[in-house]
Amino acid sequence: MPYYWRLSGFYFLYFGLLGTLVPYWSLYLKDLGFSAAAIGLLMAIPQLTKIGAPNLWGWLADRSGQRLRIIRTGNLLAAIVFLPVFWIDQFWSMAALLVSFSFFWNAVLAQFEVLTLQSLGRQSHRYSHVRLWGSVGFILAVLVLGEALDRLGTDLLPWVLSALLWLLWLGTLTLPAGDEQVRHRGVDGPSVWSVLRRPAVSLFLVAAFLMQLSHGPYYTFYSIYLEGLGFSKFVVGGLWALGVLAEVGLFLVMHRLMRRFSIPWILVASLVLAALRWLLIGVVADSLFWLALAQLLHAASFGSFHAASIAWVHKQFGPSLGGQGQALYSSLGFGAGWAAGAGLSGLLWQQWGADLFFAAALAAVLAAMLLIAGGVTRSGNADA
């Protein structure tokens, strides 16, 4: 595949950073003395900025054709504005830092997805083989940091995050430009709104929102929850890594699954298995065996859902609106959905505790029902 290692290297570093931030940042905030409600709100901020930021950058990239320049600039500014983290221990200053950092960091991934598909060209169905290195980076991050934090404490986290941000920016300097000179949409071309008016597209975006909403208790309080049950940070990190290892296995075969099954039905199956995962975590979290089984379902709740979604959005929006299409999926799913899930979890965790995982399961089931009742599954691969 063209540019395989340069593209894969970016995913490796990007999701290595995510594997540092998502499982352990809540523990760092807890050690700084923040309450559960404050942790939930702070963990929601990167996703709140993802609601608007990717759409702005996607519009700029589609209009200007300077997608790679936007990726490089976003990475550089994110690394710069994150530097004050070493001196911050108050809520509003931490919130301001996370807003500024994530505004630029969220400029990157949706546009990089488009750049990857452009660079792969006719081999775009092999996207999952490139993306799996992001999962490998996530696994290494959670495993290594789980052990390191047990030994050295959470004060290590800001140093690791800052280093990864600068490495990520250096990695963007090696990236291929892709089709930078294309000015995609002419005056007679389709508009974003004409695509969004299709019922299948709007229902998919609602389902993506609900899927990420259902991840709220998991991404925000899973580590704290397991620590409260007596599991060590190393075991917690190992469980995070197990989930992403299952994701890697899924990515290796995803191109075959998408040729055998329609993309909408892959989405529905992913949602149903996500609901099963949240039920397991809520009911049998004191059993390491069942926790491990639930983590294997990450292959569905993230892996197959995300890979199918990227392909579905790519086909629905086409090359002329690719940046904005991927940005909408990112902002409404990973942005609004994740932010709402994290914020609600922070507000309700002290009262509901593990019962929030039952609400998460209901959200995933509702998303599956919307896709089926709305006729998205009847579109098959032709519309996928």
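Helices (H or I, at least four residues) and strands (E, at least two) are DSSP runs, numbered from the N terminus. The exercises use a predicted model, in which local features need pLDDT of at least 70 and side-chain atom pairs count only at pLDDT 80 or more, while totals for chains, interfaces and linings use all residues. Residues are numbered from 1 along each chain as its sequence is written, and side-chain values use heavy atoms, with hydrogens and water left out.

**Exercise 1. State how many helices and strands the chain has, and compare its radius of gyration with that of a compact globule.**

Solution.
1. The chain holds 17 helices and zero strands.
2. The radius of gyration is taken over C-alpha atoms, and the globule rule is 2.2 Å times the number of residues to the power 0.38.
3. For 384 residues the rule gives a value near 21 Å; the chain has 20 Å, so the two agree.
4. The C-alpha trace spans about 60 × 45 × 35 Å along its principal axes.

**Exercise 2. Find the mean pLDDT of the chain and the residues over which pLDDT stays under 50.**

Solution.
1. pLDDT is the predictor's confidence in each residue, from 0 to 100.
2. Its mean over the chain is 84, and 92% of the residues reach 70 or more.
3. Over residues 180–188 pLDDT stays under 50; the model has 20 contacts (heavy atoms within 4.5 Å) for them beyond four places in sequence.

**Exercise 3. Locate Leu-164, classify its burial and list what it touches.**

Solution.
1. Leu-164 belongs to helix α7 (residues 157–172).
2. Buried means under 20% relative accessible area, exposed over 50%, and partly exposed in between (1.4 Å probe, protein chains only).
3. At a relative accessible area of 15%, Leu-164 is therefore buried.
4. Not counting residues up to four places away in sequence, Leu-164 touches Leu-13, Gly-16, Leu-17 and Thr-20.

**Exercise 4. Find the salt bridges of the whole structure and classify the burial of Glu-247, Arg-131, Arg-151 and Glu-147.**

Solution.
1. A salt bridge is a side-chain nitrogen of Lys or Arg within 4 Å of a carboxyl oxygen of Asp or Glu.
2. The search finds two.
3. One joins Glu-247 and Arg-131 (3.6 Å, N to O).
4. This pair links distant parts of the chain, helix α11 (residues 233–260) for Glu-247 and helix α6 (residues 127–152) for Arg-131, 116 residues apart.
5. Glu-247 is buried at 3%, and Arg-131 is buried at 1%.
6. Another joins Arg-151 and Glu-147 (2.6 Å, N to O).
7. Both Arg-151 and Glu-147 lie in helix α6, four residues apart, about one turn of the helix.
8. Arg-151 is exposed at 66%, whereas Glu-147 is partly exposed at 29%.
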